[in-house]
Structure formats: C-alpha cells, structure tokens
Amino acid sequence: MEQFDTALVLSRVLTSGVVMSIEKNDRELPALERLLTKRTRRSKAILVNSRSAAVHAALTGQDIGHGDTAELPAAATGRDRAFVDWVGVTATAPADGAAPAPAFDLITLTPENAADLASAAADATAPTLVVDLTGLGFGPAAAVLTDDAGVWTRGERLKIFGAFDLRTMWTQEEAEPGLAPGVQFNYRLSPLVAACARMALAQAGTRSAEKTGDTPR
Amino acid sequence: MITDFPSSPLALPDPADLTAELAEFGGAAMIPKEVRRTIFPVITKEDVFNLLLAQRSDAAKVVDGFAEEYRAYVGARRALPTASGTSSLHLALVGAGVQPGDEVIVPAFTFIATAQAVVAAKAIPVFVDIDPLTYCMSPEAAAAAITDRARALMPVHVHGLPADVPALRALADRHGLALVEDASHAHSAKIGDRVAGSFGDAAGQSLMADKNFPLGGEGGIAFFDSDEGYDRAADYLERHGIDYGMSWVAGAFGSSQLKRLPYYDAIRARNASLLAAALRETGLFTPPHVPEGHTHAYNMYRIGLDPAAVDLGDLPVWAVKEAVHELLTAEGVPAREWQNTPIPCHLPFRERSGFGNGYPFTLNPAAVRDHAPTDFPTIVAMLESTVVLCRELRSPVEWERVSRYADAFRKVAARPDAIRKLVAEREYVRPYEKAARLG
Ligand SMILES: Cc1ncc(COP(=O)(O)O)c(C=O)c1O
C-alpha cells in the first residue's frame, strides 16, 4: 500500500476521534469484518491482535482446549506448533491413508499475495480459517473466519470485551450453558490497525478464480 | 461532521442552578444532553503528523523507541512493549518467575484482566480483600493468604492510587515472594519520587485507549527490575510462539502522547482537587483518600457516601447510593459503579474451565475456592457506598465542565428528601445482586 493511502486512513480515523476498540461508535472493526467475510465467503469473522491469538481463537472456538488433540494444517510453522503446544493441545497427524483434516486452515497475507485471499479461502476446507494480516505491515493482526455461529461465539468469548461482553452491557452472564468464558486474553484489535489492514486489502482487490479466468495467481 | 470537536460550549457555572429543581423531577440538567460527551483521548495535529512520519521508519524502531522513552520516564530497569495490558501482566508474572500451579495473591477488587493474566501464566489467583481507605490490596489480608505454594503478591494501584508498597514489599521479602504490580490505572502515580511500574520485581501496565496514557487503541508495557526477569519473559515468548507484539501505530501514537502526559496529569490533579473541595462541603460525599507521600493518578475517582451526614442514616447505604446514582445521571454526570461484585464471583472464576478441562486450576486444587461476595466484606462495603467518575477529570475537561460536575454533586446533596423519596419508591438491590459487570 502506498504511504499516502496509509496517511489518509490514519488521518481519517484520528480525526474521527474514535480509536478505542470497545467504543460503541467504532466503525473500523465492523468494516474489516465485513470485508473479510465477503472476500472469504464465510459468514462470521473474529478479529484479533496476532497470529497466535487467531490460532487460539480457532481452537477455542471449536471447544478444543487443554488436554485435547487437533490436527494442524501443513502451513503451520514451528512457531505455530509451539504455540498450540503451549495452549495444551496435542498436535496429531492424519490417520494412515486418510486425507488431511486440520482443525483450521492458515493463510499468511503479504502485500504481494493479498489479492489472492479470495481464491485461497475458496480452496480452504477446514471448519475455521485463520488469516494472518501481520504481513500487510501495520503490526500484529489476524482474523478467524467461520460459518459456524458456535465457533464465532466461543472464539469471541476468548477476548475480554469481545462481541459478547459488549452486547450484554459488559456482563458475562450467559443464557446458554456451556458458553461461560474460561481463561480470557486481551486479543482485541485496534481500530487504527484494522482500518489500515482493510485499506490494504481493499486496494489489493481480488484475483478470484472467476475474475482471472480460472487461473488464480 | 467527522471531527471530534464539541458541537457547542458548556455554559459557565451559575449559583441559581444549585437550587433549581432536580433534573430527575423535570428541572434543567446541570450538564445538558447536547454537551455531555467527554472527548478522550486528546488527539492533536502533532499526533497525526508523528504517525504519518512513523510510516517512514522501521516498525521495530518505532516500537522500541517508544518503549525506551517511556521506560526512562517510569524509571524501570527494562521494558517490553506489548499488545495489551493483559499481555504485559502475563509477561510480568513470567519474568518474576511465576510457574504453572503457583499461587499469586491478587486483590478481589480490580478489573478481571488482573486475575485472567494470572491464569494465562498458568498460575492460580488467590483473592484477598482490600484496605478500606485506599481500596488497594490489604497487606494483612495478603499475609493471611500466603501458603507454601505462593509465589507472588500482585497488588493493583487501583483507580490510580499506589498500593501500600512498603508493607507489601516487606511481606514479600519475609516470605521470599515476588512483587508484581498491576499499574494499569497508575500512569505517573508516585510514592515519593518513584513512579508506579518501578516499585516491584516486575509490573504490567495497560495503555489502552481509555487509560490516562492511551496509545490510540490497544497497547501495554511490561517493566522488569532485573535483566534476568526481562530475559525470562522474552525467552518465554520465543519458546512458546506467543505473539504479544505492539503495533508501530500504537508506538508512534504513544511517543507523541508521552510528551503531553505531564500536562494531562496536571489537569487531572487540578480537577481532582477542585472536586474534592466541593465534595467535602456537601457532607454526603467524600473524596478519595490519598496517603501522605502518595501521588494519585486519578484514572478513576471513587466518591464515598455518608448518608448519616444528611440525616439519611436510617436507610441502607446501597439504596442511598442507587438513588444518588440515578439523580446524578439525570443531571448529566456519568457516574458509574465500576465493578459491582468481587472478581472471583464472575463467571470465569466460578466455573474455572481455564484453558480447557479446568487447567491450570487442576494443578493446585487446594488453592481454589468458591467465593461469595461477602467473603470480602471491605469490598462489598465499598461497592455499596461509592460511585465512580472516570473520564470526567481528564483533559480536555475544562474548568466550566468540572465545576458543573461539582455543582451537580452539591445540588444532589442538598436534596436528602429526594433521595429518601427514590429509596421509598424504587426497588433497589445491592450491587452484587445484579449480574456481574466487567466495568
Ligand atoms: C486494573 C487493570 N488491569 C489490567 C487491565 C487490562 O489491560 P488491557 O485492557 O490493556 O489488556 C485493565 C484495563 O483494561 C485494568 O483496569
């Protein structure tokens, strides 16, 4: 992204005065969520402040926690694996002869491949999709995309002041049993960072299979 | 308009407003609806310019540059910039040597993140009561909670007032415990000349956008009193693949704001003292207690109630508090409860699923308790007899605004009849009988 465009986005958000992630008037985080859900064709997005936070939310969202096992995607790095181990989840390999069935897929975006998000998301088949936005250049940022409302709910609950806590006037009482938060982190993404990431993604546009005549680059 | 500039000025204080009918009963509000918004944080041309400039620098340099400037300001030995206050507290505990299954003694009155950071470090929070004057961790209660598995004391400089560090340090030393500060409310708070964040073996501090020193979104910083502590925390992040890094956007904003922090601090101190003088005149209200030699940062301003002083001593104090809260809100004073029950009574500490399957609570079942609010009588008494102001003292809150807040308290205190009427008519409940609220 051009520095001028980043400058414009930063100035716009700073001028609005709304820079707090838990502010009712914030429009930046919902806007990034919309762009990501649209581009990945998933119904729900959980925004977080790092790649490891997204891996954590993808697992917690599926109720995979300490003492459980999960298959990791081939794209998982040594660092990702160390993190999953820290969470207390044991990585497993696909059963002999079985096709890989990871708990989440993993896409690492950079300015160079940002346009390929749509096609990469279309190829992803795991129940959740982790998109690492850090490489776009605005600091640690990531998202979990899913079509499963339960995954979204539990994933958001991993964040102190996640979507839930805001909707319930900051109470954590929950009508549905089994949805009480456990350990929680401040995995909230800043609106300023979200606004820059969204601009970078919007400018990268899409190079989806349809648009490029079935030759995703 | 996209700007955060106020839409109209606030009228200057007027003595006639003090005796006008209460807004609750149809009178004019002390602070009219159109001018209630308190803009925070202050964002200047300089902030915007510095952020734009930061784009041309290496991201790591921007973040490290901020951390170094702020470390020097606080007077800590080492600093590790983070994505949030919660992550900074997690790292402070790790740096102080806290291990899975260890017990960390925390006040039961704080923000939930203090205790969640202990769980993040895979340790067990052991909750204790507070001091009735400072509302910070009671050294006596902490002493009574120390067991063989205790590893650290974690006081919170709550509302911005430093905890009793000399007593807690002595207690920690006697038992070989680490002292880890939660300085999230206490930017520029002091004991003598020393700044909060530099008292303990390690400290964590939130720099999120609603704190006295905000980084334009989310941010935090961990401080360490030793190179070993810093190294332990830094190695931990590497070894476990945890990404707690601060964005350069936050770092750049922080460097810019840091230059104005002394100004913000001065405005809050001025507003706090103006309000304290007004509250003392009312009888009903009492300002925060500040021990000799302590500098309160007034991230929050907790106001006490003394119903007997206005002949309401026969009513339950929590009902008087609810009525006062209602009357103040109607006048346009955004008074808050800020916590209505002790932290162990929140869902995550009642259910204790932790990372899943009860971990890390399963590591040390003897440290785990089911708590009722009344296990912490001083906290309950405080919650039942106080209301809180938050942004209302901060820059750019100008003289006429804080004067109007003061007048709203005067106006309400002059009407015990109205308070009595509301208590009789409404069905108020005790704070902890409502659903636990985070803020
Ligand atoms: C006392 C206290 N500790 C910790 C935190 C957590 O900080 P953060 O929200 O930046 O993670 C906060 C505030 O949010 C707080 O008030």
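Domain bounds, as used here, come from an automatic or database domain assignment. On that basis chain B divides into domain 1 (15–40 + 260–339 + 381–433) and domain 2 (45–259). The structure is a predicted model, in which local features need pLDDT of at least 70 and side-chain atom pairs count only at pLDDT 80 or more, while totals for chains, interfaces and linings use all residues. Residues are numbered from 1 along each chain as its sequence is written, chains are lettered from A and ligands numbered from 1 in the order in which they are written, and side-chain values use heavy atoms, with hydrogens and water left out.

**The two domains of chain B**

The centres of domain 1 of chain B and domain 2 of chain B, taken over C-alpha atoms, are 30 Å apart. In the contact between them (heavy atoms within 4.5 Å), 27 residues of domain 1 of chain B meet 35 residues of domain 2 of chain B. The size of an interface is often given as the accessible area lost when the parts come together. The two domains of chain B bury about 2500 Å² between them, with 55% of it on carbon and sulfur atoms; buried area is the accessible area (1.4 Å probe) that two parts lose on being put together, summed over both.

Four salt bridges are found across this domain interface, a salt bridge being a side-chain nitrogen of Lys or Arg within 4 Å of a carboxyl oxygen of Asp or Glu. D47(B) forms a salt bridge with R260(B), and their closest N and O atoms are 2.6 Å apart.

**The contact between chains A and B**

Chain B contributes 60 residues to its contact with chain A, and chain A contributes 54 residues. The two chains bury about 4800 Å² between them, 59% of it on carbon and sulfur atoms. On the side of chain B, E218(B), D243(B) and F355(B) lose the most area to chain A, together 13% of what that side buries. Three salt bridges are counted between the chains. E238(B) and R79(A) meet through their side chains in a salt bridge (3.4 Å, N to O).

**The ligand**

The ligand lies between chains A and B. It is surrounded by 18 residues, the closest being G85(B), T86(B), D182(B), H185(B) and S206(B); a residue counts as near if one of its heavy atoms lies within 4 Å of the molecule.

| Ligand atom | Side chain | Distance |
|---|---|---|
| oxygen | T86(B) | 2.6 Å |
| nitrogen | D182(B) | 2.7 Å |
| oxygen | R188(A) | 3.3 Å |

Definitions and conventions:
A polar contact is a pair of N or O atoms within 3.5 Å; within protein, one must be able to donate a hydrogen and the other to accept it, and residues adjacent in sequence count only if both atoms are side-chain atoms.
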